[in-house]
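Me: Hi! I've got a new model open and would like to talk it through with you. Could you start with the ground rules?

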Amino acid sequence: MEAYSRHIFVCQGNDCFQKGSEEIRAEFRKQLMERKLFNCDVKVNKSGCFDQCKYGVNVVIYPEGTWYCNVELGSVKKIIDKHIVEGEVVTNLLHFQLQQTMKRGNIS
């Protein structure tokens, strides 16, 4: 089995689930399948609670360890276009702690 270039985890904790995380996970899968990236280059999985409930729906992408929060269905295309395809962080969805780190210059 070859390694995936990216692995997307969508929180399925109770708060995120109530905010539509399962639909968001399904949308990631759907859009990645349409681009022929799903399960060959990018893997999408459910995760347990990230303990960031008030910022949900939460999504983490590895190998970078990028945490996105307040993700909605409309955000999925932007995350795929910018992060997965172009390799750029979607700063307006970045978890606030990572935004602060970027402002200090600790993340490129």
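Reply: Happy to. Helices (H or I, at least four residues) and strands (E, at least two) are DSSP runs, numbered from the N terminus. This is a predicted model, where local features need pLDDT of at least 70, side-chain atom pairs count only at pLDDT 80 or more, and totals for chains, interfaces and linings use all residues. Residues are numbered from 1 along each chain as its sequence is written, and side-chain values use heavy atoms, with hydrogens and water left out.

Me: Great. How many helices and strands does the protein chain have, and in what order do they run?
Reply: There are 4 helices and 4 strands. Starting at the N terminus, the order is β-α-α-β-β-β-α-α.

Me: And what percentage of the protein chain counts as buried?
Reply: 39% of its 108 residues. Buried means under 20% relative accessible area, exposed over 50%, and partly exposed in between (1.4 Å probe, protein chains only).

Me: What share of the contacts comes from residues 24 or more positions apart?
Reply: Among contacts in the protein chain with a separation of 6 or more, such pairs make up 61%. A contact here is heavy atoms within 4.5 Å.

Me: Let's go to helix 3. Which residues are buried there?
Reply: Helix 3 covers residues 75-85, and its buried residues are Ser75, Val76, Ile79, Ile80, His83 and Ile84. They sit on the same side of helix 3, because they cover an arc of only 130 degrees around the axis. That arc is taken from the directions from the helix axis to the C-beta atoms.

Me: What do they pack against?
Reply: The buried residues of helix 3 pack against strand 1 (6-11), helix 2 (21-34), strand 2 (42-47), strand 3 (59-62) and strand 4 (66-68).

Me: What follows helix 3?
Reply: Glycine 87 does, and its phi is positive, near 75 degrees.

Me: Switching to the strands: which way do strand 1 and strand 2 run, parallel or antiparallel?
Reply: Strand 1 and strand 2 run parallel and are joined by 6 bridges. Strand 1 and strand 3 run antiparallel, with 4 bridges joining them. Two strands pair if DSSP finds at least two bridges between them.

Me: Nice. How many aromatic pairs does a search of the whole structure find?
Reply: The search finds 2. The rings of phenylalanine 9 and tyrosine 62 are edge-to-face, because their centres are 5.9 Å apart and their planes are at 75 degrees. Phenylalanine 9 lies in strand 1 and tyrosine 62 in strand 3, so this pair ties together parts that are 53 residues apart in sequence. Phenylalanine 50 and tryptophan 67 form a tilted pair, 5.1 Å centre to centre with 55 degrees between the planes.

Me: Is phenylalanine 50 buried or exposed?
Reply: Phenylalanine 50 is buried, at 17% relative accessibility. Tryptophan 67, at 25%, counts as partly exposed.

Me: Last one: where is asparagine 58?
Reply: Asparagine 58 is in the loop between strand 2 and strand 3, and at 1% relative accessibility it counts as buried. A polar atom of the asparagine 58 side chain lies 3.0 Å from the backbone oxygen of glutamine 52. Beyond neighbours within four places in sequence, asparagine 58 is in contact with residues including Phe9, Phe50, Gln52 and Tyr68.

Definitions and conventions:
Phe/Tyr/Trp six-rings, centres within 6.5 Å; stacked < 30°, edge-to-face > 60°. Polar contact = N/O pair within 3.5 Å; in protein donor to acceptor, adjacent residues only side chain to side chain.
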